[in-house]
Amino acid sequence: MTKTESAISWIEAKANDNRYGYDQRYRWGEKGDYDCSSAVITAWEQAGVPVKTKGAAYTGNMYDKTGDDRDSD
């Protein structure tokens, strides 16, 4: 499975599980919820692409933080 496939699988699992919802205040999963950008960033992190670790805080600066890590499996 590529990193892209892994990220997609993670976010699909969360989207299909009613235990997870949308929240901007606790957007990094602290209470099980995410907002749109934190869900995407967390999906990449779970797939092994350290976008949050490298400083991504929203989707507007996420791409700059991916470097060559996206599908270098």
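User: Is Pro-50 buried, partly exposed or exposed?
Analyst: Pro-50 is partly exposed, because its relative accessible area is 23%. Buried means under 20% relative accessible area, exposed over 50%, and partly exposed in between, with a 1.4 Å probe and protein chains only. Please note that this is a predicted model, in which local features need pLDDT of at least 70, side-chain atom pairs count only at pLDDT 80 or more, and totals for chains, interfaces and linings use all residues. Residues are numbered from 1 along each chain as its sequence is written, and side-chain values use heavy atoms, with hydrogens and water left out.

User: Where is the place of Pro-50 in the chain?
Analyst: Pro-50 lies in the loop between α2 (36-46) and α3 (59-66). Helices are DSSP runs of H or I with at least four residues, strands are runs of E with at least two, and both are numbered from the N terminus. Pro-50 is 16 residues from Thr-66 in sequence, and the two are 7.1 Å apart in space, C-alpha to C-alpha.

User: Which residues of α3 are buried?
Analyst: Thr-66 is one of them, together with Asn-61 and Met-62. Seen down the axis of α3, these buried residues fall within an arc of 150 degrees, so they line one face of the helix. The arc is that of the directions from the helix axis to the C-beta atoms.

User: And which residues are exposed on the other side of α3?
Analyst: Gly-60, Tyr-63 and Asp-64 are exposed there.

User: What do the buried residues of α3 pack against?
Analyst: They pack against α2, where contact means heavy atoms within 4.5 Å. In α2, the buried residues are Ser-37, Ser-38, Ala-39, Ile-41, Thr-42, Ala-43 and Trp-44. Their cover includes α1 (3-15) as well as α3.

User: What comes after α2?
Analyst: Gly-48 follows α2, and its phi is positive, near 100 degrees.

User: Changing topic, how many helices and strands are there in the chain?
Analyst: The chain has three helices and zero strands, and along the sequence it reads α-α-α. Of its 73 residues, 32% count as buried.
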